[in-house]
Amino acid sequence: MIEVRGLHKSFGQLQVLKGVSLRLEHGKVLVIIGPSGSGKTTLLRCFNLLEIPDGGSLSIAGLELSFAGNVKLARKDILSLRQKSGMVFQSYNLFPHMTALGNVAEGQITVQKRSRKEAEKRGEVLLAKVGLSDKTGAYPHQLSGGQQQRVAIARAMAAEPEVLLFDEPTSALDPELVSEVLKVIRQLAAEGRTMIIVTHEMRFAADVADTLILMDQGVILEQGTPQQVLEQSENPRVRQFLNRIKGE
Ligand SMILES: Nc1ncnc2c1ncn2[C@@H]1O[C@H](COP(=O)(O)OP(=O)(O)OP(=O)(O)O)[C@@H](O)[C@H]1O
Ligand SMILES: [Mg+2]
């Protein structure tokens, strides 16, 4: 299970997260939507401590950390929490000088201390899972955006994290490549992977989410099933956001 309580994060004077609390059961999918600048990426980055919150607590699969602005976290706690989450970025962030297989194997060798042989064997299985068996030897510049993002998903899975974190995984892709990436994520959801996904793809969000959260100005405006949030919310700010994106 994943639980966040009273999470706060500021950048200088700017308060970006103003007390965010949520829970996610193992095997469930949480989707976060909301206007630009509402704090979605910051919240996601807090889950694997790419940003260190100023206050509140975070617990992933039994490991709980509390944050207070003036207390420095132990490096070993940061590393153990990071191992429990795998991040997939908007811009893939693959190593350009490594093949698809090399990218998926690398973290397993350096972080998980697996042998190269074992890491590559697992890498091949994961690349097959995302439909890239024929591209294991290709370098990122030889792959389409959708293929690169699927390599990034395989890489995030390689460490067997408790939760996969996706920050707008399709927003850098040409429209015709979006569906191949969403298909892989849907398949992972069907397999019961625990995932937290920030997306602007509303149909996908409604289909894949067990819980949908709408963030605005650093707080959760609404949360519930997609139907509760998208169809039944009476919060005027929720309706306003939904009407605006419908018009886009
Ligand atoms: N490292 C940083 N330093 C200073 N301000 C930051 C930093 N990261 C984010 N911010 C600010 O925090 C606010 C929230 O940013 P965040 O990236 O979390 O929004 P978002 O909801 O992901 O938006 P988008 O939909 O555009 O991706 C913004 O005002 C942003 O400018
Ligand atoms: Mg963002």
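Biologist: Hi! Quick one to start: is Asp-216 buried or exposed?

Modeller: Asp-216 counts as buried, with a relative accessibility of 12%. The cut-offs here are under 20% relative accessible area for buried, over 50% for exposed, and partly exposed in between (1.4 Å probe, protein chains only).

Biologist: And what are the ground rules for this one?

Modeller: This is a predicted model, where local features need pLDDT of at least 70 and side-chain atom pairs count only at pLDDT 80 or more, while totals for chains, interfaces and linings use all residues. Residues are numbered from 1 along each chain as its sequence is written, chains are lettered from A and ligands numbered from 1 in the order in which they are written, and side-chain values use heavy atoms, leaving out hydrogens and water.

Biologist: Thanks! Which side chain does Asp-216 meet in a salt bridge?

Modeller: That would be Arg-237, at 3.1 Å from N to O. The pair ties together parts 21 residues apart in sequence, because Asp-216 lies in strand 9 (residues 211-216) and Arg-237 in helix 9 (residues 236-246). Helices (H or I, at least four residues) and strands (E, at least two) are DSSP runs, numbered from the N terminus. Arg-237 is partly exposed, at 38% relative accessibility.

Biologist: How many salt bridges does the structure hold?

Modeller: There are 13, each being a side-chain nitrogen of Lys or Arg within 4 Å of a carboxyl oxygen of Asp or Glu. Another one is formed by Asp-207 and Arg-186, whose closest N and O atoms are 2.8 Å apart. Asp-207 sits in helix 7 (residues 202-208) and Arg-186 in helix 6 (residues 175-190), so this pair also ties together parts 21 residues apart in sequence.

Biologist: What about the accessibility of those two?

Modeller: Asp-207 is partly exposed at 49%, and Arg-186 is partly exposed at 33%.

Biologist: Switching topic, where is Tyr-92?

Modeller: Tyr-92 is in the loop between strand 6 (85-88) and helix 3 (100-110). Its phi is positive, about 60°, although Tyr-92 is not a glycine. With 12% relative accessibility, Tyr-92 counts as buried.

Biologist: And what is the phi of Asn-93?

Modeller: Near 55°, a positive value in a residue other than glycine. Asn-93 is placed in the loop between strand 6 and helix 3, and is partly exposed at 40%.
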